[in-house]
Amino acid sequence: MIIGIVCYPTFGGSGVLATELGIELSKKGYEIHFITYNQPVKLELYSNKVHFHEVDVPNYPLFHYPPYELALSSRLVEMVKKYKIDILHVHYAIPHAYAALMAKQMLKESNINIPVVTTLHGTDITLVGSNPSYKTAVEFSINNSDYVTAVSKSLKSDTLSLFNINKSIEVIPNFVNLDKYHRKTANNNLLNKNNKIITHVSNFRKVKRILDVLEIFNGIQRQIPSKLLMIGDGPEKNKAEKKAKKLGIKDKVIFFGKSNETNKILSFTDLFLLPSEIESFGLSALEAMAANVPVISSNTGGIPEVNIDNFSGLLSDIGDIDKMINDSVMILSDDNIMNKFKVNARKRAENFDIHKIVPQYEKVYKSLS
Ligand code: GMT
């Protein structure tokens, strides 16, 4: 089967997930065509089963906003015809599902009926998608896709309550490739072995509550020698750097920027922080758990479907910084407790093993072909 995958080519969870999905499908014999504006960051074109086709968006002085969805839908039509693509799987509704449906319409003129699978990831529904400027188009795109999946029960329920949906939505949770995550035995040169390592990974957007991450770490480091590793980049990074300075913990916080090697950083991490306001799933928490790292998170959206309270980590109300500090210190200060959480975190992550979840997508493709 030949599958076209449309996603954001960035470090965001939906792009990472779509890329890992394509790579895994190619290993299983599918021919995969990624169609997007840049080569996805996690994509290595090492196999003749994986292809990347760039979407070029020519600019023109008249355009205040270059029309990406127009260029994408045209490119999709061209690629479906050229490579005889059987199915388009689009990740993140805006504008991918809309562009794929336009391509589907155009292809009908050539008597090609291409099924469109849309996977909803999170803010395409909860934040951006439900904005009145986009809502009608997003609702149309969901209702007219041939198959719709959501990455958590919580996201499915948000979709049904925010939009007028007449389509069934299947929950297919995100997955992790457990083989990529191992504990590192040797100490990293960067870090003094007496320090506990606390890590946060995100796109540093407001919903991630980055300032809470720093407040929580501040509380931890007062009681336990530790360092905070901040992985990622985004609009709140400047504020976060200023906050670290203001709290007097600048020398204990390392901003790494975007990294393709989070698995290596997680391999020597002791605790992961994810105090988000909104989170449909929390792929970064799952990746931490795969590396035996307990997760201190907020109890919001799909997080409790991933991080089980008092098992793989501890959950708190959004913004309950004091509880998150106390929970972190409780885990970090007792080796027995820490080891129990570490083992449980990996055990919990095994439920989301790539080899268990990808067959669920294959079943969807087969039902449409
Ligand atoms: O909104 C984002 O933070 C980015 C977005 C993405 O597309 O990368 O993340 C969403 O999708 C991820 C993959 O399914 C989920 O793990 C994240 O929880 C979700 N983010 C939010 O809901 C805020």
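Reply: Happy to. A word on naming: helices (H or I, at least four residues) and strands (E, at least two) are DSSP runs, numbered from the N terminus. This is a predicted model, in which local features need pLDDT of at least 70, side-chain atom pairs count only at pLDDT 80 or more, and totals for chains, interfaces and linings use all residues. Residues are numbered from 1 along each chain as its sequence is written, and side-chain values use heavy atoms, with hydrogens and water left out.

Now to the interface. The protein chain is split into domain 1 (2-175 + 354-368) and domain 2 (178-352), with bounds from an automatic or database domain assignment. Their C-alpha centres are 30 Å apart. To the contact (heavy atoms within 4.5 Å), domain 1 gives 24 residues and domain 2 gives 20. About 1,600 Å² is buried between the two domains, 54% of it from carbon and sulfur atoms; buried area here is the accessible area (1.4 Å probe) that two parts lose on being put together, summed over both.

One salt bridge is counted between domain 1 and domain 2, the term meaning a side-chain nitrogen of Lys or Arg within 4 Å of a carboxyl oxygen of Asp or Glu. The side chains of Glu20 and Lys180 form a salt bridge at 2.9 Å, N to O.

On the domain 1 side, the elements giving two or more residues are α1 (13-27), α4 (123-126), α6 (153-162) and α14 (354-368). By class, this side has 11 nonpolar, nine polar and four charged residues. Ala, Val, Leu, Ile, Met, Phe, Trp, Tyr, Cys and Pro count as nonpolar, Asp, Glu, Lys and Arg as charged, and the others, Gly among them, as polar.

As for the ligand, 18 residues are around it, with Gly13, Ser14, His121, Arg205 and Glu279 coming nearest; the cut-off is a heavy atom within 4 Å. Oxygen atoms of the ligand lie 2.5 Å from a polar backbone atom of Gly13, 2.8 Å from a polar side-chain atom of Thr123 and 3.0 Å from a backbone N or O atom of Leu283.

Elsewhere, the whole structure holds 12 salt bridges. Arg75 and Glu78 pair in a salt bridge at 3.2 Å, N to O, and both sit in helix α2 (residues 68-83), three residues apart, about one turn of the helix.

Definitions and conventions: Polar contact = N/O pair within 3.5 Å; in protein donor to acceptor, adjacent residues only side chain to side chain.
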